[in-house]
Amino acid sequence: MLQGVGLKKYFPATRGLAVGRPRGWIKAVDGVSVQVAEGETLGIVGESGSGKTTLAKLFLLLERPTAGSLRFDGKAIEAFGRDDLAAYRRAVQAVFQDPYSSLNPRMRVEHIVAEPLPRDNGLSRAGVRDRVGEVLQLVGLRRDSAALYPHEFSGGQRQRIAIARALVTYPKFIVLDEPVSALDVSIRAQILNLLKGLQERLGLAYVMISHDLAAARYLATRLAVMYAGQLVETGECDAVYARPLHPYTQALLSAALPLHPSARRQRIVLTGEVPNPMNPPAGCRFHPRCPHAMPQCRTAEPVFKEVERGRFTACHLY
């Protein structure tokens, strides 16, 4: 359904408020190729600053790529006309991290949920009201909730409103940007179960950006691990969790809570810091922190390739 090929996004770095020639480029996303099929969930994980959110913004057309191509249903988005772009924006929606700041406190729920509908949607006012009530019911809220304001709801209910807003345009693809990280632990499972049920019922595809490795494991069918603006590993979610290939993935998953309290795992502690995105290391970007670094890691950038059936990684160990 959605395919990114060699996506790059560089931001100019300037000093203070000075306007002029940039003193460098921040390589937020640097040569990422991913694809998402109908009805699947691609989980994207990694440390802060790894490029996850920038990649999501490229999918949502909130940012345009510096290089590379984005394709939707086999057609390059760069070649989209006005009608194609309008159709894309209806088909691709988002649910953001914080339900307290992503909902306008001055608008009633009815207007918040209906906001993504285009003006020429062909629906009467009663038709819009009926569609809003329908999606509110889909997410487990009552139809008469439409008359209330966001402050009259709990955090979990607000996130349900945000999900209803994403559903109102009959989307095919939803970007979930940390959808449960701002919620109490007691209601995270409810929202994850809701998202899973909606996917099965409506045939939705998700991209889930998450720091929460347990949430990503529960919802994702495939996992993509990013480091310093690049992909280091992708594969079926259960396979990656069971036997991570890349040393960074191994360290990342070793820090996650085990599925069972009695489970024991060796914690891999990384030294050093995430590299400067303006001046990343030569060769493999992970080599200054990698416990398995070899001489070629310092000079030759590893190729992102399939090393097992359905398992891709960028590492000189393979």
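In this predicted model, I looked up which way the side chains of β9 point, and I found R222, A224 and M226 on one side and L223, V225 and Y227 on the other, every one of them buried. In a regular strand, side chains alternate between the two faces of the sheet. Because six of the six residues of β9 (residues 222-227) are buried, I noted the strand as largely enclosed by the rest of the structure.

Next I looked up the partners of this strand. Strand β3 (residues 41-45) pairs with β9 in the parallel sense over four bridges, and there V45 stands opposite V225. With strand β10 (residues 230-236), β9 pairs in the antiparallel sense over six bridges, and V225 stands opposite E233 of β10. The hairpin of β9 and β10 has two residues between the strands, and in it I noted that A228 takes a positive phi near 55°.

I then turned to the cores. The largest nonpolar core has 38 residues, and V113, I163, L167 and L198 have the most contacts inside it. Among the elements that each supply at least two residues of this core are α3 (109-114), α5 (155-167), β7 (173-177) and α6 (185-202), and the largest share, six residues, comes from α5. For L198 I listed the residues touched, leaving out those up to four places away in sequence, and they are L138, V139, I163, L167, G203, L204 and Y206. Apart from this core lies another, of 31 residues, which includes V32, L60, V175 and A224.

Definitions and conventions. Residues are numbered from 1 along each chain as its sequence is written. This is a predicted model: local features need pLDDT of at least 70, side-chain atom pairs count only at pLDDT 80 or more; totals for chains, interfaces and linings use all residues. Side-chain values use heavy atoms; hydrogens and water are left out. A nonpolar core is a set of buried Ala, Val, Leu, Ile, Met, Phe, Trp, Tyr and Cys residues joined through side-chain atoms within 4.5 Å. Buried means under 20% relative accessible area, exposed over 50%, partly exposed in between (1.4 Å probe, protein chains only). Contact means heavy atoms within 4.5 Å. Two strands pair if DSSP finds at least two bridges between them.
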